[in-house]
Each structure stands twice: as C-alpha cells, then as structure tokens.
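Dear colleague,

Please find the structure for your study below. I would be grateful if you read the notes after it with the model open.

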Amino acid sequence: MRLLCSAGFTFAMLLAAPAFAQDRAAAGTDDDVHTGDPIIVTAPYVRSLDILGNVSVLEGDELARDIRGQIGDTLTRQAGVSATSFAPGASRPVLRGFSGERVRVLTDGIGSIDLSNTSADHAVTIDPLTVERIEILRGPAVLLFGSQAIGGAVNLFDRRIPRKVPTDHVHIDAIGGYATAADDRNIGSSIDVALTPNIVAHLDGSWRKTGDARSGGFVYAPGIRSDLLHLAEHEVEDGHLDEAAELTADANRRGKIPNTASETWTTAGGLSLINDGGQLGVSLSYFDSNYGVPSRPNTAHHDEGEEEEGHDHGEGPVTIGLKQWRADVRGEVELGDGFFDKLRLRGGYADYEHTEFEGDEVGTVFTNQGVEGRLELAQNDRGGWRGASGIQYSHRDFNAIGAEAFVPRNLTDQFALFTLQEWTLGPLGIEAAARYEATRVKAPTLGIARSFDTFSGALGANYEITDGVKFGVSVARAVRAPSAEELFSNGPHIATQSFEVGDQTLKREASWGAEASFKLKTDALNLSLSAYSNWFDDFIFSNATGAEEDDLPVFQYFQQSARVWGFEAEASARLAQIGGFNIVGDLTADMTRAKIKGGQFVPRIPAMRVLGGLEAQGERIDARAEVEWTDDQTRIAPFETATKGFTLVNASISWRPLPDTKNLTLSLAANNIFDVEARRHASFTKDYVPLTGRDIRITARASF
C-alpha cells in the first residue's frame, strides 16, 4: 500500500505540470465504438494484439442481449468460451478448456480480488449490469496480466473511475430487464457529472433478484435418476411405500431447480481529475450477494436399522452470503514525444468475506484481504517499434473459519516484471513478450512456506499477404506457481460436496505453446481461424479418486504431463440487402481436447460447439435468429460422467425508438425456444443443475 500511495502522490504532482496532449481515442476512451480491429484499453500501446493473441469484444446492444447474473454465463456465445455454471449465482468463464487458476478475471487490468478462482461455488464479485465493455484475451499476450492467465483473461471495464469529461457535463447510463426462466428482475444505472472542467464524479448502483431457475427437461441427469429409481425399488422391498413414492417423484422432477434463487446489489462512487497532462482517479465500491448452492441428491442405500456415519453437514439447504468492499486507483501521465509516451498506475484493495450457511446455521466463513498494483511505462512509436514495460505486485491474505475449513490460513505474495515489444516492418509484424514472477505461498499454521521463481516468454509474427489478409504464428513458454488451494487443501467442502486434498510437494507448472491464425477482412466478409496446442510439464489438475471421506467423494490434486489442443473459428458475411436491412450471416465454432500422459482425459473439458446466426440489421430495428449445437462429451476422466449434447434455438429483436439516435434500445429475446434439456460439461454440478429452459427476456438500455 505504501508503494501505491507514493505513486499516487507522484501522479498528482505530475498532473499539475504541462505535458503534451494526446489523442484519447487511441487510448480507448469511454465513447469508443468497436469497429475493425479492437483497441485494447488495458494495453493501448499495442494496436490490436493480433500477433501474440486474439481478442473478442462484447459491448453495447450485444452485451445487453447476453447479460446474465454472472460473468461466466454472459460470455458463453463467444468463441472458445464456456462457463463453470455451478449455479446461477456462481459462474466463471472457461477459456479454451481452462478455468480456475489458469483464467484471470480482471477489472480494468487488475484482478477481481475475490475467491472465485479458488472454488467453482464462489461468485465473481463483478455485476455485469455495471459493465460497459468486456474484452476476452487469449494467447501468449495475456502474459501481461500474470502467469495465472495461461488459458486467457477476461477484462471488464466500467465507468467507476471516469476516463473523460462528459460532453454535456452529465452522462447517464441505465439498463433494466425481466426474464421468465428464473423470474429475474434487474436494474443498473450510473451517472457521471462534471463538477469542474477537469473533475468528474461518478455514482452507480445495481440490483438483481431471481427465484429458482426452471429447467427445460428433467432436473437430474440419467445417472442420478437411475440411482433414485433403484433406491425407490429398495424402499418398496422394505415396505416403505411413501419413501419410494417421494424418491420416484424426485427422479422425475422437472421445472424448478431447487435452491438456485439469488439476490445481488452493488453500489459505487468515483472521482477523477482529468487534464491535458493525464488523469488521476479513485473509486470505492461495495458488492453484496446471496445465492443458493444446489445439492446433489443422496442416492446411497442404507439397510433398515443401519446408522449413517460421516460428517454432519447441518440441516437445510446450503446458501452463500457474500460481500466485498473495494477501493481502486488509476492514473496516467502524458510524457511527451520522447522515448516514453505514458506512465500508468493501476491499483486496487479489497476486503472480501463470504459465509456458507447450512440452513440457518453458519457453516464456514471465508475471508480474503488483497491488494494488487501495476506500474507501466509505454513507449512512443519509433519507426514501427513500440511497446511497454512494467512491474506488478499482489498480496493475498486468505482464511477459512469453521468445521468445513478445507484450506488453512495462507498468504500469497507475488512480484513481477514484464515487457511487451512490437515491431512493424512493412507487411511483417513481430511481437515479443517476457515476464518474471517471484511467488511466495505461506501457511503459518502448518509451518510451511514455498517460494517459486518463474520466467515466461513469447515470440510471434504475422504477415499481411495482401490488404485485409493476414497469417500469424506464435510460440510461448509459460510457467505458473501452484496456488495455496492446490498445495494445502485438506478437508470437506460442503458447497462443492467434495473432500478436497492438495499436495504440498507440487512443482511449478510449465508449458510450451504454439498457435497459428488466419484472418481475412473485406467489406463483405470477416473470417478468423485459430489453431493452438499446449504441451504441459507437471500439469496440475484435480480429479476424483473414487475414495470417500466423511461421506464425500475425495478430489485430489495431481501433477502429470499433459497436452491441450484445439481450434476457434469465426466468420461473418454480408449476404444481401433487402429494403433498408443488411442481411448478415455469422458462424462460430470451437473445440478443445485435453489429455494427461498415459491416455486419461482432463476432467470437465467442454465439448465441440457450433453456433450459427442470421441477422437483419436496420437503422432502427435489428432482428436475429440463431442455432447453437453442442456435441456429446464422452471424452471423460475416471469417475466423471458423460454429457449428452444439445441444440438451442434463440431469437431476438431490438428496436431503437428515438429517431437519429441509438441512445435508447428496447429488446425482446427468446432463448432455448424449444425448452430442451441442456448441461455444460465444464460444470461440477451439471448432473443436477441443468441450464435454464425457455427464457423470454425483455431489456431496456439507455445512454444520454
């Protein structure tokens, strides 16, 4: 914190000094509209990140259409993206089959500073209702944000620290809607006010409340249904007809998914000083969420008179009450036309706590206090050479208190140095990135401390074959230190209904990666193809062992060589013009395969998916229909169940009622129109928490 305070004072002094003005559109201002190659706000010194990575951008009406309660479920239409979908109240992105410690969820370039990466039942403390833009980054370029982003990063942007002075002194954004599948009522709004020509204040808030979600078919997967019906047969044999009837009714349950209701509200305020010399801003925010954690039904048979043994998990459904206070700072100083262009500061501190309730009783309390900061120097373009270098520091103090404290108190400190350089040599573009990290993970109650030094690097090139046609290749070496959960877990975790066991002897996880891409962009057609492969040494993964402890299945962390490979494809074509409408067709496809040395498949890898859409785009009305097909997933790890594929049909229409402006959009969407039963293989709870059935959504979005 002392470093951040000192840096903040330096920024305040520098802002008072004269500096060269800079075109803020190049830096990704609030009013930017995504057209062509994405301009990355987190790394504006890189023009498109299309050499060492690829980027998807979600914003505006498209974001409003896809918005859900958690960021994971919001992004599942994007190429290479699935979600953990543990419950409607907890869902984190899965990128190229990676999740947890291999995917970073960022707020304007730094971590969300919560516990969502430590367990699938922990929610991300960012409400999509307050987000104006989401960037999904994949490939070696994500080394800029940490070795924990081997699989990729999701970077979310809001207005909490204003980046520009509103043109008309006041700017208001609002979004609200209703969805039928879970009786989802939601609203979010923000206001930016210019207090002086150089000082902008911001306020925002959001609220969402849902009931239990409704499935499109049976709530339980075939394996669980079969076990319940078999148990009912035993109850009939024992003469317990009422119990047998209850088990049969449970096996045939449709409609509402028990204990999936949620309620979330947020509030935040910020203040920015903005002038030609740069900007300095701060914000304070609060996140509060309460959500249910669905339980797998008990299908164990006990003979009459036999007593159940094991851990007492309390009475009543499991729910989580979560809250986070967070403070953020962001600064930028224009350095003129010398070697360096800008100096940037980004920092955040969060105090997080969530309680796992078992009925009305407190089960376990998890707390996390963390700080993260980045300081970057961006270079001016000199004959096609540009780049940026910086330092990053993070600290985490995690503790769990209660009978289900499966991880002891631990502290993690990480210091990093990084650089990314880019050269343009006519049609040839070259990028190189490097990152050094020093990580220390300590468990005081165990008397154990582990230290890891890691170095990661990447090199890539692309060649513009002709105007709008590019081919690129990259190679990368990424090394990650094991997390405290992977090292020290040892106990029952009621929310995930598992007994989790770590390994204190885990080594660094290292991988070689290669990626090739082809991009075509014309007035009538956009095409992007990517193929990737990663070869891991000492790949860390959690897998069921088949054993039980405290009546819970044991999940243990292992380390072996592994390979992950796959592809992503996106295409969009202008097919025709009918009246005042452009008819556009688009196609998205992705596939990931992952195997452990010896032939075992990596658990919870999403199945192949293809999504095709047809859209009529007009000045005031857009209409869209799409079909999403997901294959069966039969490439499964030991003790993992297969997942049946599904096909979803969705449609939407958006209307901008105000002439000559897009400031107000009203949308009507129908998702899963044919009410099919669907499950995501990446989810721990897929066998008893299916995706929602038919969902009619009404959304209003305004910006003035």
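The notes below describe the confidence, the overall fold and one surface patch.

This is a predicted model, in which local features need pLDDT of at least 70 and side-chain atom pairs count only at pLDDT 80 or more, while totals for chains, interfaces and linings use all residues. Residues are numbered from 1 along each chain as its sequence is written, and side-chain values use heavy atoms, with hydrogens and water left out.

The mean pLDDT (the predictor's confidence in each residue, from 0 to 100) of the chain is 89, and 91% of the residues reach 70 or more. Over residues 1–48 the pLDDT is below 50.

The chain has six helices and 33 strands (DSSP runs of H or I with at least four residues, and of E with at least two, numbered from the N terminus). Its C-alpha trace spans about 85 × 70 × 50 Å along the principal axes. Buried residues (under 20% relative accessible area, with a 1.4 Å probe and protein chains only) make up 56% of the 704 residues.

On the surface, Phe581, Ile621, Ile653, Trp655, Leu666, Leu668, Ile696 and Ile698 form a nonpolar patch. Such a patch joins nonpolar side chains (Val, Leu, Ile, Met, Phe, Trp, Tyr) within 5 Å, from residues with over 30% relative accessible area and no salt bridge (a side-chain nitrogen of Lys or Arg within 4 Å of a carboxyl oxygen of Asp or Glu). Strands E31 (646–655), E32 (664–671) and E33 (695–703) each give two or more residues to the patch.

Methods:
Patches are made of residues with over 30% relative accessible area and no salt bridge: like charges are joined within 9 Å, nonpolar side chains (Val, Leu, Ile, Met, Phe, Trp, Tyr) within 5 Å. Accessible areas come from the Shrake-Rupley method with a 1.4 Å probe; for residues, only the protein chains shown count as cover. Contact means heavy atoms within 4.5 Å. Buried means under 20% relative accessible area, exposed over 50%, partly exposed in between (1.4 Å probe, protein chains only).
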